[in-house]
Amino acid sequence: MAAGNTRSDPSIFRWALGIEYDGSGFCGWQRQIGQASVQAAVETALTRIARQAVEVVVAGRTDTGVHALCQVAHFDTTVDRPESAWVRGGTVYLPEAVTIRWARPVGADFHARFSATARRYRYVIINRRQRPALFRQHYAWVYRPLEVERMQAAAQSLLGTYDFSAFRAAACQARQPVRELRLLQISRQGEQVIIDAEANGFLHHMVRNLAGVLIAIGAGERPVSWAAEVLASRDRRLAGTTAPPGGLYFVAPRYPDAFALPIDPALPFAG
């Protein structure tokens, strides 16, 4: 058999996929009527391989224009196919902006969303006076000089388990706003300023709102203490501008080692 059986039905197989995509031309991950979505593209490709309807469950949905280095999804099917059918065959039917990097058989205890213990994002800024001509849909451009030391100092006050209501979008559907932010690191390599964030989960627009606050502080528009003030307020109206989506990358989810998934995303631009 090609894959681990799921539930109590030996004829149902569950597969996990690692998916890379350029979100520039999509309305986001989630399927939406009349718009191009990554989910619809992947399900259409897998359905052609399986010759039956396939629905995928994803680790973390991304918004319009947001990219993914190793998005993880799972699906169930009653057809027995080898790994190569899902990876090479599936990618043949995908648009050029989407690639299936790997496929692995998993058991019924694996769930792309609920088995994840953390998720990591990277926000990439090009920081120079001139607007970029290259990679303009894959950077966020900030022309004002950014002081990384100020940004990193502000980030320290956001680490930990807090109510992140001030950093969630008004349309956020999460049942509760408490998240554990485990990593928020800012670095510079030449003209690039990189924000890396990892948490047990993220609210809608949370990373882009964190980036917006840190950019304002790095540009000297706000004091370092402002980040803590925004967090304590629990008021989205005080958090300022939401950073644009093009610089945001869903890096990968984290899972317990027992699942042995080959999650090894190559980070974009600076290392």
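Colleague: Which conventions apply to the model?
Modeller: Residues are numbered from 1 along each chain as its sequence is written. In this predicted model local features need pLDDT of at least 70 and side-chain atom pairs count only at pLDDT 80 or more, while totals for chains, interfaces and linings use all residues, and side-chain values use heavy atoms, leaving out hydrogens and water.

Colleague: With which side chain does the side chain of His-138 make a polar contact?
Modeller: His-138 is located in the loop between strand S6 (118-127) and strand S7 (140-142); helices (H or I, at least four residues) and strands (E, at least two) are DSSP runs, numbered from the N terminus. The relative accessible area of His-138 is 19%, so this residue is buried (under 20%; exposed is over 50% and partly exposed in between, with a 1.4 Å probe and protein chains only). A polar contact is a pair of N or O atoms within 3.5 Å; within protein, one must be able to donate a hydrogen and the other to accept it, and residues adjacent in sequence count only if both atoms are side-chain atoms. At 2.8 Å, the partner of the His-138 side chain is the side chain of Asp-22.

Colleague: Why is the pair of Tyr-21 and Trp-29 classed as it is?
Modeller: Rings of Phe, Tyr and Trp (its six-membered ring) pair if their centres lie within 6.5 Å, and planes under 30 degrees apart count as stacked, over 60 as edge-to-face and the rest as tilted. By this rule there are eleven aromatic pairs. For Tyr-21 and Trp-29 the centres are 6.1 Å apart and the planes lie at 35 degrees, so the class is tilted.

Colleague: How is the aromatic pair of Tyr-162 and Phe-164 oriented?
Modeller: Phe-164 is buried at 0% relative accessibility, whereas Tyr-162 is partly exposed at 34%. Their ring centres are 6.2 Å apart, with 80 degrees between the planes, and the pair is edge-to-face.

Colleague: Over which ring does the charged end of Arg-222 sit?
Modeller: A charge sits over a ring if NZ of Lys or CZ of Arg is within 6 Å of the ring centre and within 35 degrees of the ring normal. The charged end of Arg-222 is 4.4 Å from the centre of the ring in question, that of Trp-226.

Colleague: Why are H1 and H2 placed in their orientation class?
Modeller: Axes are lines fitted to C-alpha atoms, for helices over the stretch in contact, and angles run from 0 to 180 degrees between N-to-C directions. Helix H1 (residues 38-50) packs against helix H2 (residues 83-92) at an angle of about 120 degrees, the axes being 9 Å apart. Angles under 35 degrees count as roughly parallel, over 145 as roughly antiparallel, 65 to 115 as roughly perpendicular and the rest as oblique. The class of H1 and H2 is therefore oblique.

Colleague: What is the phi of Arg-51?
Modeller: Arg-51 lies in the loop between H1 and strand S3 (56-58), and its relative accessibility of 75% makes it exposed. Most residues other than glycine have a negative phi. In Arg-51, a residue other than glycine, phi is positive, near 60 degrees.

Colleague: How far apart in space are Asp-235 and Gln-189?
Modeller: Asp-235 is found in the loop between helix H5 (226-233) and strand S11 (248-254). Asp-235 and Gln-189 are 46 residues apart in sequence, and their C-alpha to C-alpha distance is 33 Å.
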